Amino acid sequence: MDGLSELLDGVRARGALLTQSILSPPWSLRFTSGAELSTATMLSGRAWITPSTGEPVMIEAGDIAIIRGPAPYTISDDPTTSVHRVISVADYCAESTARLGEEQRPAQPRTCGNVDEGGATLLSGAYKSAVGISERLLEELPPVLVVLESNGEYPILDIIAREIPHDRSGQQAVLDRLLDLMLTATLRAWFDRPQRHAPGWYRTGDDTIVGQALRLLHDQPAQAWTVSELAARLGASRAGLARRFTAEVGEPPMAYLAGMRAALAADLLRDTDLTVAAIARKVGYANPFALSVAFKRRRGITPTEHRSLVRPGTRLVSR
């Protein structure tokens, strides 16, 4: 399995928040769902995405943006427009009523605004749960990334736009899978850009000596690796592998492995009820103390403290 497929294998939208908003200027929406990953695209018109940190980013019709959470962000016709509506998990245009003059019309599901009014059309989506979204992936993403419409064809947008305003059998399941597909296609296009320095895990499909080394580390993270053992498995010299790996990945092989193990442990602490001891064994440490030392060295906090942050109220057992 290649690196991106590996990281997205556990990402499954459940009850995905997918809506369309028909907007006339001036308009500004503040999104506060707390989602780890959100998407935005303009089906018509253009908009500015302003993250909590960083500069505003413009998107035009057909561009797809992925916003890294959980911090709130704003989408507006202009970065200076004041917020006129706050969109939370409980209010994602799930129940809206379209009006034309005094005439009451049946509501279109998942739609804000009157389709007869025209204007800009925003398609927004969000993952309600962070489960399955790897920290290794999140660490590589900027607050907002954009794949331009000119960088690829996205028939998925037309399909989503047709599905959103309907309620058929299995509708939520269809929308969940469509959001997964849009996320995967967008991330692949973004990491494949020539100017993008892809992270090590994305290069596990390379057939170079470094790509092969990365693949071994990812396939067997619990193995008691040393640089010598890794080089022997690849038929390379220890010094040569260490030099090339550091030059191409940005850190030595064992430092990379320590970071990967810490990220794997962080995901397991958030997504499972495994004890620290069990997690230590799964990611390659002999005991919870060894994991705790390595984890704190990389992240500044212990596994216990990390789980209390990502899963408040959870009692952590070390044995």
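## Exercises on a predicted model

By the rule used here, the count comes to one cavity of 30 Å³ or more. Keep in mind that this is a predicted model.

**Exercise 1.** Work out how much space lies in the largest cavity and which residues line it.

*Solution.* Start with the volume: the largest cavity holds about 30 Å³ of space. Phe31, Thr32, Ser33, Gly34, Ala35 and Ser38 line it, together with Pro70, Ala71, Pro72 and Tyr73.

**Exercise 2.** Find the strand order of the open six-stranded sheet, and say which strands stand at its edges.

*Solution.* Step one is to read across the sheet, which gives E11-E1-E12-E3-E6-E13, with mixed pairing. Step two is to look at the ends: E11 (111-112) and E13 (144-147) each have a single partner strand, so one side of each is left without a neighbour in the sheet. Step three is to zoom in on one pair. Strand E3 (residues 37-44) runs antiparallel to strand E6 (residues 64-68), and the two pair over five bridges. There you'll find serine 38 opposite isoleucine 67 in E6. Serine 38 also turned up in the cavity lining, as Ser38. Last, check what packs on this sheet: helix H4 (residues 171-191) touches strand E1 (17-23), E3, E6, strand E12 (120-126) and E13, and the direction of H4 makes about 85 degrees with that of E13.

**Exercise 3.** Now do the open sheet of five strands: what is its order, and how do E4 and E7 pair?

*Solution.* The order is E5-E4-E7-E2-E8, again with mixed pairing. The edges belong to E5 (57-59) and E8 (85-87); each has a single partner strand, so one side of each lacks a neighbour in the sheet. From one strand to the next, the twist averages 25 degrees. As for the pair in question, E4 (residues 47-51) and E7 (residues 73-76) are antiparallel, with four bridges between them. Threonine 50 sits opposite threonine 74 in E7.

**Exercise 4.** Describe how helices H6 and H7 are arranged, and name the residues that meet.

*Solution.* Two packed helices are described by the angle and the distance between their axes. Here, the axes of H6 (residues 227-234) and H7 (residues 238-249) come within 9 Å and cross at roughly 100 degrees. That makes H6 roughly perpendicular to H7. Now for the contacts: Val227, Ser228, Leu230, Ala231 and Leu234 from H6 meet Arg238, Leu241 and Ala242 from H7.

Definitions and conventions
Residues numbered from 1 in each chain as written. Predicted model: local features only at pLDDT ≥ 70, side-chain atom pairs only at ≥ 80, totals over all residues. Heavy atoms only, no water. Pairing = 2+ DSSP bridges. Axes fitted to C-alpha atoms, helices over the stretch in contact; angles between N-to-C directions. 1 Å grid on protein atoms, 1.4 Å probe; cavity = no way out; pocket = protein on both sides within 12 Å on 5 of 7 lines; lining within 4 Å. Points joined across faces, edges and corners; volume = space filled by probe spheres on them. Parallel < 35°, antiparallel > 145°, perpendicular 65-115°, else oblique. Contact = heavy atoms within 4.5 Å.
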